[in-house]
Amino acid sequence: MTTLIYTHEDCLEHRPGPQHPESPERLQAVLGALRPPESDKAQWREAPLGTREQVLRVHTPDYVASVEAMAPMEGYQLLDAGDTIMSPGTLQAVMRCVGAACAAVDAVMAKQGRNAFCATRPCGHHAEADRAMGFCVYNQAAIAALHARAVHGLSRIAVVDFDVHHGNGTQHAFWGDPQLFYGSSHQSPFYPGTGARSETGTDHNIVNVPLSMACDSATFRARINAELLPPLRRFEPELLIISAGLDAHFKDPLGGLSFTDDDFHWITAELMKVANATAGGRVVSILEGGYSLQALATGTAAHVRALMHTQGAG
(Lines give C-alpha, C1' and ligand atoms only; values in the text may rest on other atoms or scores of the structure.)
Protein backbone atom coordinates (compact mmCIF):
# COMPACT_ATOMS: atom_id res chain seq x y z
CA MET A 1 0.00 0.00 0.00
CA THR A 2 0.99 3.57 -0.61
CA THR A 3 0.77 6.97 1.08
CA LEU A 4 -2.33 9.00 0.23
CA ILE A 5 -2.07 12.78 -0.15
CA TYR A 6 -5.28 14.79 0.26
CA THR A 7 -5.53 18.39 -0.92
CA HIS A 8 -7.88 20.79 -2.70
CA GLU A 9 -7.52 24.10 -4.51
CA ASP A 10 -10.17 25.59 -2.18
CA CYS A 11 -7.50 25.62 0.53
CA LEU A 12 -5.68 28.30 -1.46
CA GLU A 13 -8.72 30.58 -1.17
CA HIS A 14 -8.34 31.26 2.54
CA ARG A 15 -6.76 34.71 2.20
CA PRO A 16 -6.42 36.47 5.58
CA GLY A 17 -4.50 39.44 4.15
CA PRO A 18 -1.30 40.30 2.27
CA GLN A 19 0.89 40.54 5.38
CA HIS A 20 -0.60 37.55 7.21
CA PRO A 21 1.84 34.65 7.83
CA GLU A 22 -0.84 32.02 7.09
CA SER A 23 -0.76 32.73 3.36
CA PRO A 24 -1.82 30.70 0.31
CA GLU A 25 1.86 30.59 -0.64
CA ARG A 26 2.38 28.17 2.26
CA LEU A 27 0.30 25.49 0.58
CA GLN A 28 1.77 26.29 -2.82
CA ALA A 29 5.24 25.66 -1.36
CA VAL A 30 4.11 22.34 0.12
CA LEU A 31 2.45 21.15 -3.07
CA GLY A 32 5.47 22.14 -5.12
CA ALA A 33 7.76 20.16 -2.82
CA LEU A 34 5.54 17.06 -2.93
CA ARG A 35 4.96 16.80 -6.68
CA PRO A 36 6.72 13.95 -8.52
CA PRO A 37 9.37 12.73 -8.47
CA GLU A 38 9.28 13.42 -4.69
CA SER A 39 5.89 11.73 -4.37
CA ASP A 40 6.13 9.19 -7.16
CA LYS A 41 4.99 6.45 -4.77
CA ALA A 42 2.08 8.45 -3.34
CA GLN A 43 -1.53 8.56 -4.49
CA TRP A 44 -3.15 12.00 -4.72
CA ARG A 45 -6.79 12.47 -3.77
CA GLU A 46 -9.14 15.45 -3.81
CA ALA A 47 -10.25 16.46 -0.34
CA PRO A 48 -14.04 16.31 0.03
CA LEU A 49 -16.01 18.90 1.93
CA GLY A 50 -16.41 18.03 5.58
CA THR A 51 -19.83 17.91 7.17
CA ARG A 52 -21.40 19.87 9.98
CA GLU A 53 -21.86 16.57 11.84
CA GLN A 54 -18.09 16.00 11.76
CA VAL A 55 -17.33 19.50 13.01
CA LEU A 56 -19.85 19.21 15.85
CA ARG A 57 -17.97 16.26 17.31
CA VAL A 58 -15.47 18.81 18.65
CA HIS A 59 -17.02 22.28 18.36
CA THR A 60 -20.13 23.65 20.03
CA PRO A 61 -23.27 24.34 17.98
CA ASP A 62 -23.18 28.02 18.93
CA TYR A 63 -19.59 28.40 17.77
CA VAL A 64 -20.20 26.59 14.48
CA ALA A 65 -23.27 28.72 13.83
CA SER A 66 -21.29 31.89 14.55
CA VAL A 67 -18.49 30.89 12.15
CA GLU A 68 -21.05 30.19 9.44
CA ALA A 69 -22.87 33.46 10.09
CA MET A 70 -19.69 35.54 10.15
CA ALA A 71 -18.23 34.14 6.92
CA PRO A 72 -17.87 37.28 4.75
CA MET A 73 -19.02 37.67 1.18
CA GLU A 74 -16.28 40.25 0.70
CA GLY A 75 -13.47 41.74 2.75
CA TYR A 76 -12.36 40.31 6.08
CA GLN A 77 -13.93 39.15 9.34
CA LEU A 78 -12.01 38.85 12.61
CA LEU A 79 -12.78 35.74 14.67
CA ASP A 80 -10.57 36.57 17.64
CA ALA A 81 -8.40 39.37 18.96
CA GLY A 82 -6.70 39.85 15.64
CA ASP A 83 -4.82 36.95 14.09
CA THR A 84 -7.60 34.57 13.00
CA ILE A 85 -9.23 36.22 10.02
CA MET A 86 -11.89 34.96 7.61
CA SER A 87 -12.00 35.93 3.94
CA PRO A 88 -14.72 34.95 1.44
CA GLY A 89 -12.99 31.62 0.75
CA THR A 90 -12.21 30.67 4.34
CA LEU A 91 -15.30 28.66 5.27
CA GLN A 92 -14.97 26.47 2.17
CA ALA A 93 -11.24 26.02 2.89
CA VAL A 94 -11.76 24.93 6.50
CA MET A 95 -14.46 22.50 5.47
CA ARG A 96 -12.01 20.98 2.99
CA CYS A 97 -9.54 20.65 5.90
CA VAL A 98 -12.15 18.77 7.92
CA GLY A 99 -13.17 16.66 4.93
CA ALA A 100 -9.58 15.74 4.13
CA ALA A 101 -8.84 14.66 7.70
CA CYS A 102 -11.97 12.51 7.99
CA ALA A 103 -11.60 11.03 4.49
CA ALA A 104 -7.99 10.17 5.29
CA VAL A 105 -9.11 8.32 8.41
CA ASP A 106 -11.74 6.43 6.40
CA ALA A 107 -9.25 5.46 3.69
CA VAL A 108 -6.56 4.30 6.10
CA MET A 109 -9.10 2.30 8.08
CA ALA A 110 -10.29 0.69 4.82
CA LYS A 111 -6.66 -0.14 3.93
CA GLN A 112 -6.86 1.92 0.76
CA GLY A 113 -3.53 3.42 1.75
CA ARG A 114 -0.86 2.65 4.28
CA ASN A 115 -1.02 6.16 5.70
CA ALA A 116 -2.12 9.62 4.61
CA PHE A 117 -0.99 13.24 4.59
CA CYS A 118 -3.45 16.15 4.44
CA ALA A 119 -1.88 19.03 2.53
CA THR A 120 -4.50 21.55 3.63
CA ARG A 121 -4.75 24.94 5.29
CA PRO A 122 -5.51 26.78 7.51
CA CYS A 123 -4.04 24.97 10.48
CA GLY A 124 -6.30 23.79 13.29
CA HIS A 125 -4.67 22.75 16.56
CA HIS A 126 -5.31 26.02 18.45
CA ALA A 127 -9.06 26.03 17.75
CA GLU A 128 -11.00 25.21 20.91
CA ALA A 129 -14.54 23.90 21.20
CA ASP A 130 -16.06 27.35 21.29
CA ARG A 131 -13.50 29.74 19.84
CA ALA A 132 -10.99 30.38 17.09
CA MET A 133 -7.43 31.39 17.85
CA GLY A 134 -3.90 31.28 16.48
CA PHE A 135 -4.90 31.26 12.79
CA CYS A 136 -7.15 28.22 13.45
CA VAL A 137 -10.92 27.99 12.87
CA TYR A 138 -11.78 24.28 13.23
CA ASN A 139 -9.55 21.67 14.87
CA GLN A 140 -9.21 19.04 12.16
CA ALA A 141 -6.86 16.77 14.12
CA ALA A 142 -9.30 16.49 17.03
CA ILE A 143 -12.22 16.14 14.62
CA ALA A 144 -10.42 13.30 12.81
CA ALA A 145 -9.84 11.50 16.12
CA LEU A 146 -13.48 11.70 17.19
CA HIS A 147 -14.59 10.75 13.67
CA ALA A 148 -12.44 7.62 13.94
CA ARG A 149 -14.16 6.67 17.16
CA ALA A 150 -17.70 7.50 16.05
CA VAL A 151 -17.52 5.88 12.61
CA HIS A 152 -14.94 3.12 13.04
CA GLY A 153 -15.38 2.20 16.69
CA LEU A 154 -11.77 2.74 17.73
CA SER A 155 -11.16 2.93 21.45
CA ARG A 156 -7.59 4.33 21.65
CA ILE A 157 -6.64 7.21 19.38
CA ALA A 158 -3.52 9.35 19.72
CA VAL A 159 -2.55 12.74 18.34
CA VAL A 160 1.12 13.71 18.41
CA ASP A 161 1.96 17.33 17.67
CA PHE A 162 5.46 18.67 16.89
CA ASP A 163 4.47 22.19 15.90
CA VAL A 164 6.56 24.92 17.57
CA HIS A 165 3.36 26.10 19.29
CA HIS A 166 1.45 24.00 21.79
CA GLY A 167 -1.88 22.68 20.48
CA ASN A 168 -4.08 24.01 23.26
CA GLY A 169 -7.26 23.21 21.34
CA THR A 170 -6.44 19.54 20.90
CA GLN A 171 -5.34 19.26 24.52
CA HIS A 172 -8.60 20.83 25.65
CA ALA A 173 -10.66 18.45 23.51
CA PHE A 174 -8.81 15.39 24.87
CA TRP A 175 -8.32 16.46 28.50
CA GLY A 176 -11.06 14.46 30.19
CA ASP A 177 -11.12 11.42 27.90
CA PRO A 178 -8.74 8.56 28.78
CA GLN A 179 -9.36 6.92 25.40
CA LEU A 180 -7.67 9.86 23.69
CA PHE A 181 -3.94 10.62 23.98
CA TYR A 182 -2.33 13.96 23.15
CA GLY A 183 1.44 14.33 23.06
CA SER A 184 3.13 17.61 22.16
CA SER A 185 6.65 18.93 21.83
CA HIS A 186 6.75 22.72 21.60
CA GLN A 187 8.71 25.82 22.48
CA SER A 188 8.10 27.12 25.99
CA PRO A 189 7.56 29.80 27.14
CA PHE A 190 5.79 30.74 23.92
CA TYR A 191 2.35 31.25 22.40
CA PRO A 192 -0.29 30.24 23.48
CA GLY A 193 1.10 29.85 27.00
CA THR A 194 -0.17 26.32 27.61
CA GLY A 195 1.66 22.99 27.50
CA ALA A 196 3.46 22.71 30.83
CA ARG A 197 4.68 19.28 31.94
CA SER A 198 2.17 19.44 34.78
CA GLU A 199 -0.74 19.49 32.32
CA THR A 200 -1.43 15.76 32.15
CA GLY A 201 -5.18 15.39 31.63
CA THR A 202 -7.56 13.62 33.96
CA ASP A 203 -5.97 10.21 33.35
CA HIS A 204 -2.36 11.09 32.43
CA ASN A 205 -3.46 10.97 28.80
CA ILE A 206 -1.73 14.28 28.02
CA VAL A 207 2.06 14.38 27.65
CA ASN A 208 3.74 17.73 27.12
CA VAL A 209 7.42 18.13 26.26
CA PRO A 210 8.19 21.85 26.57
CA LEU A 211 11.45 22.84 24.86
CA SER A 212 13.59 25.88 25.57
CA MET A 213 14.32 28.44 22.88
CA ALA A 214 17.11 27.34 20.50
CA CYS A 215 16.63 23.66 21.40
CA ASP A 216 18.74 21.64 18.99
CA SER A 217 18.36 18.26 17.32
CA ALA A 218 20.21 16.22 19.93
CA THR A 219 18.19 17.63 22.82
CA PHE A 220 14.92 17.28 20.93
CA ARG A 221 15.53 13.64 20.08
CA ALA A 222 16.66 12.77 23.60
CA ARG A 223 13.59 14.39 25.12
CA ILE A 224 11.21 12.68 22.69
CA ASN A 225 12.85 9.30 23.36
CA ALA A 226 12.68 9.77 27.12
CA GLU A 227 9.39 11.59 27.64
CA LEU A 228 6.96 11.13 24.77
CA LEU A 229 7.54 7.81 23.05
CA PRO A 230 7.36 5.55 26.17
CA PRO A 231 3.87 6.73 27.27
CA LEU A 232 2.68 6.67 23.65
CA ARG A 233 3.78 3.03 23.37
CA ARG A 234 2.05 2.20 26.67
CA PHE A 235 -1.15 3.80 25.37
CA GLU A 236 -1.06 1.41 22.38
CA PRO A 237 -2.97 3.60 19.91
CA GLU A 238 -5.17 1.96 17.31
CA LEU A 239 -4.75 5.04 15.11
CA LEU A 240 -2.06 7.71 15.23
CA ILE A 241 -2.79 11.23 14.00
CA ILE A 242 0.10 13.65 13.54
CA SER A 243 -0.25 17.42 13.81
CA ALA A 244 2.66 18.15 11.51
CA GLY A 245 3.83 21.68 12.20
CA LEU A 246 7.06 22.64 10.45
CA ASP A 247 7.64 25.91 12.30
CA ALA A 248 10.14 24.35 14.72
CA HIS A 249 12.61 24.54 11.79
CA PHE A 250 15.63 26.75 12.41
CA LYS A 251 14.68 28.91 9.41
CA ASP A 252 11.15 29.69 10.61
CA PRO A 253 10.58 33.41 11.27
CA LEU A 254 7.91 32.90 13.95
CA GLY A 255 9.57 30.14 15.96
CA GLY A 256 12.68 29.88 18.09
CA LEU A 257 13.69 26.22 17.90
CA SER A 258 16.56 24.83 15.82
CA PHE A 259 15.24 21.71 14.08
CA THR A 260 16.35 20.49 10.66
CA ASP A 261 14.61 18.56 7.91
CA ASP A 262 16.24 15.41 9.28
CA ASP A 263 14.49 15.95 12.63
CA PHE A 264 11.07 15.94 10.96
CA HIS A 265 12.01 12.75 9.10
CA TRP A 266 13.30 11.20 12.31
CA ILE A 267 10.26 11.89 14.49
CA THR A 268 7.93 10.75 11.72
CA ALA A 269 9.81 7.47 11.40
CA GLU A 270 9.76 6.98 15.19
CA LEU A 271 6.02 7.59 15.35
CA MET A 272 5.47 5.16 12.50
CA LYS A 273 7.33 2.49 14.46
CA VAL A 274 4.77 2.90 17.24
CA ALA A 275 1.89 2.79 14.75
CA ASN A 276 3.34 -0.30 13.10
CA ALA A 277 3.51 -2.03 16.47
CA THR A 278 0.06 -1.14 17.77
CA ALA A 279 -2.13 0.28 14.98
CA GLY A 280 -1.37 -1.80 11.90
CA GLY A 281 0.65 1.15 10.58
CA ARG A 282 -2.38 3.45 10.50
CA VAL A 283 -1.16 7.07 10.47
CA VAL A 284 -2.96 10.22 9.34
CA SER A 285 -0.84 13.36 9.22
CA ILE A 286 -2.29 16.87 9.00
CA LEU A 287 -0.35 20.00 8.08
CA GLU A 288 -0.24 22.59 10.84
CA GLY A 289 2.15 25.58 11.03
CA GLY A 290 5.32 26.56 9.16
CA TYR A 291 6.02 30.08 7.92
CA SER A 292 9.36 29.95 6.12
CA LEU A 293 8.31 28.86 2.64
CA GLN A 294 11.65 27.18 2.03
CA ALA A 295 11.70 25.33 5.35
CA LEU A 296 8.03 24.41 5.01
CA ALA A 297 8.72 22.86 1.62
CA THR A 298 11.84 20.90 2.56
CA GLY A 299 10.52 19.91 5.99
CA THR A 300 7.23 18.65 4.61
CA ALA A 301 9.06 16.70 1.92
CA ALA A 302 11.19 15.03 4.60
CA HIS A 303 8.09 14.23 6.67
CA VAL A 304 6.19 12.70 3.75
CA ARG A 305 9.30 10.85 2.60
CA ALA A 306 9.32 9.10 5.98
CA LEU A 307 5.63 8.26 5.61
CA MET A 308 6.26 6.74 2.21
CA HIS A 309 9.42 4.82 2.92
CA THR A 310 9.53 3.71 6.56
CA GLN A 311 8.98 -0.03 6.55
CA GLY A 312 6.59 -1.89 8.78
CA ALA A 313 3.24 -3.59 9.09
CA GLY A 314 0.15 -2.32 7.39
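E238 lies in the loop between α7 (217–235) and β9 (239–244); helices (H or I, at least four residues) and strands (E, at least two) are DSSP runs, numbered from the N terminus. The model is predicted: local features need pLDDT of at least 70, side-chain atom pairs count only at pLDDT 80 or more, and totals for chains, interfaces and linings use all residues. Residues are numbered from 1 along each chain as its sequence is written, and side-chain values use heavy atoms, with hydrogens and water left out.

E238 has a relative accessible area of 18% and is therefore buried (buried means under 20% relative accessible area, exposed over 50%, partly exposed in between, with a 1.4 Å probe and protein chains only). Apart from neighbours within four places in sequence, E238 is in contact with L154, S155, R156, T278, A279 and R282, where contact means heavy atoms within 4.5 Å. L254 is 16 residues from E238 along the chain, and their C-alpha atoms are separated by 34 Å.

The loop between α7 and β9 also holds E236. E236 is not a glycine, yet has a positive phi of about 55°. With a relative accessible area of 42%, E236 is partly exposed.

## The loop between β7 and β8

P189 is located in the loop between β7 (180–187) and β8 (206–211). The peptide bond joining S188 and P189 is cis, with omega about 0°. P192 is found in the loop between β7 and β8 as well, and a cis peptide bond with omega near 5° runs from Y191 to P192.

H204 also belongs to the loop between β7 and β8. Its phi is near 55°, a positive value in a residue other than glycine. H204 is exposed because its relative accessible area is 63%.

## Helices α8 and α9

Two packed helices are described by the angle between their axes and the distance between the axes. Helix α8 (residues 261–278) packs against helix α9 (residues 293–309) at an angle of about 30°, and the axes are 8 Å apart. Axes are lines fitted to C-alpha atoms, for helices over the stretch in contact, and angles run from 0 to 180 degrees between N-to-C directions. α8 and α9 are therefore roughly parallel to each other (angles under 35 degrees count as roughly parallel, over 145 as roughly antiparallel, 65 to 115 as roughly perpendicular and the rest as oblique).

On the α8 side the residues are D261, F264, H265, T268, A269 and M272; they meet A295, T298, G299, A302, H303, R305, A306 and L307 in α9. The residues of this contact of α8 with α9 divide into 7 nonpolar, 5 polar and 2 charged. Here Ala, Val, Leu, Ile, Met, Phe, Trp, Tyr, Cys and Pro count as nonpolar, Asp, Glu, Lys and Arg as charged, and the others, Gly among them, as polar.

## Aromatic pairs

Rings of Phe, Tyr and Trp (its six-membered ring) pair if their centres lie within 6.5 Å; planes under 30 degrees apart count as stacked, over 60 as edge-to-face and the rest as tilted. By this rule the count comes to 7 aromatic pairs. Y63 and Y138 form an edge-to-face pair, 6.1 Å centre to centre with 80° between the planes. This pair links distant parts of the chain, 75 residues apart: Y63 is in helix α3 (residues 61–70) and Y138 in the loop between β5 (115–118) and α5 (140–152). Y63 and Y138 are buried.

F135 and Y291 also form an edge-to-face pair, at 5.7 Å centre to centre and 85° between the planes. Both F135 and Y291 are buried. Ring pairs also link F162, F220, F259, F264 and W266 into a cluster.
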